[in-house]
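Hi everyone, thanks for coming.

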Amino acid sequence: MAYPDQSFYLSILSRSPATVVKDFVEHLLPTLEPVEVLHNSTGLVMLPMQDTAKGATFYVGEVLVASARVRLAGAEGYAACLGRDLTQALALALLDAACTAGCCRAEIAAFVQAQAAALEAEDLVLRQQIEATRVELETF
Amino acid sequence: MAYVAARGGEAAIQEAEALFRRLNGTLDAGLVQQIERQLPYLVDRVMSEGSLYAPELAALAIAQTGGDLYEAILLLRAYRSTQPRVAYAAPVDPATMQTLRRISAAFKDIPGGQILGPTLDYSHRLLRTDLLDGDAQGEVASEQPTTPESPAILNSPIPPVTEWLRLNGLLAALPPQPPADPALLPDVTREAVRFPAPRAQRLQSLARADTGGVLALGYASMRGYGLIHPTVNEVRLGYADVLLEHPISGVRFSAGRVRVSMAEVVSSHGDTLELGYAATLGWNEVKVIAGAMLDLEMDKPNPHPAHDEEFVLYHTEPVESSGFCIHYKLPHYVTFSSNLDALRRAREMAAEESE
């Protein structure tokens, strides 16, 4: 099974339930070791937004993220997720490094696809619920 | 200069905190999780004014302060000050965020349509006392829409109403601008605001402003102290991706989604339309509508003093304004005693003159 691209799998996995990702990496860990953690901490991301009235870009606020950078099998991996769960960030970075190094290819690809499907199903329900609130307005 | 010393202060402070905890119930992880899950609008308000998107910590701040919002916002801002800035996300484009609610009071037929989304706006405002009396079951959130045959909404961008106004020649096109470097934007957390403020600082200040303060000044404008009578062009609530650049590969990815709200208001001015805009973290319609009205008002050549840019931005800062307010609780015995001395002297002099 081919790897999904990096943007796709990181975006999917950062939204996936933290416990599911951590359990999966825990299961893979014996295959991935030895692992070197280069960085694992929380920090702030500035979030800019576009002003639709006059075209300015401004900071709408800051977002707390946990991020990690790791090395395994000669490859470096990085990931960030919302919140302060350092273990979740570490697990994501390990998966990123594993993908770059070509480790556990089939297992990771299957896991990402399963998570993507779960999120897509969740989003579909949400979109249906949103659509049900659409109104047509008329003036008399 | 004189100082006031308190005897037995440390023990009294510890007892005061213990009494606060006793009167406000148990503080534990379960309470925090419940607040985060079940009071999202309250959590949003604390994140918006704390200017930090961290739902778990905002819920903790609410729990820890017994729901004293200004204290909760202060806690969140204090936590934020301990964290390093690690990255700049790509700018949120309202057209591409996952929109859950988008309505326009100015135009009924807009591209993407009118979507009510999650709201109680059109529901009866009746207290469910039957829940308290045990006459009804609690409400369990259903995963399915009540109209099951609804097709899934197309996962396509919903453009802002302003874009439609521009396409129809009702608004002038925006002058072409080079893409902004997210790391180089004016930032009120790093530089003091100088007036007239750059638009980026104005909108950032409104985004982190006190909801009540923005509403009070915005409402003063709406009631007639202002120079405009705008209409809501668009209110939008949605999820925006936090798009980061991978430091090794340079690939852009989403680190997750945050709740964001924005509003545009429109007003006619001679033969043109003019716009006001505000946005904030979390879902808070009152704040963004009032903020957008103030944005428009602050552009007027001679606004009411309460709508002057400096007045609005300084007086709606929640931590500074609440902090200044509560500092009056601190001992002022020496300064007040000096006032009393002056009062007594004035009375004595008045009495001497009248004799």
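Predicted model: local features only at pLDDT ≥ 70, side-chain atom pairs only at ≥ 80, totals over all residues.

Residues are numbered from 1 along each chain as its sequence is written, while chains are lettered from A and ligands numbered from 1 in the order in which they are written.

So, the interface. Here 50 residues of chain A are in contact with 70 residues of chain B, contact meaning that the C-beta atoms of two residues, placed from the backbone, lie within 7 Å. On the chain A side, the largest share, ten residues, belongs to β2(A). Helices (H or I, at least four residues) and strands (E, at least two) are DSSP runs, numbered from the N terminus. By type, the chain A side splits into 25 nonpolar, 17 polar and eight charged residues. For that count, Ala, Val, Leu, Ile, Met, Phe, Trp, Tyr, Cys and Pro are nonpolar, Asp, Glu, Lys and Arg are charged, and the others, Gly among them, are polar.

There is strand pairing between the chains as well: β1(A) pairs with β2(B), residues 85-88, in the parallel sense over three bridges. Pairing requires DSSP to find at least two bridges between two strands. Within β2(B), B:Arg85 stands opposite A:Leu44.

Now chain B itself. Its domain assignment gives domain 1 (9-80) and domain 2 (94-138 + 153-316), with bounds from an automatic or database assignment. Their contact takes eight residues from domain 1 of chain B and eleven from domain 2 of chain B. Helix α3(B), residues 40-50, provides six residues of the domain 1 side, its largest share.

What does α5(B) pack its buried residues against? The partners are α3, β1 (52-53), α4 (55-64) and α12 (318-326) of chain B. Among those buried residues are B:Leu69, B:Ile73 and B:Leu76; buried means 20 or more other C-beta atoms within 10 Å of the residue's own, with C-beta atoms placed from the backbone.

Last stop, α2(A), residues 18-32. This helix bends by about 35° at A:Glu26, with A:Pro30 following within four residues. The bend is the angle between axes fitted to the seven residues ending there and the seven starting there. In α2(A), A:Val21, A:Phe24 and A:Val25 are buried, and their cover includes α1, α3 and α4 of chain A.

Methods:
Buried ≥ 20, exposed ≤ 12 C-beta atoms within 10 Å, placed from the backbone.
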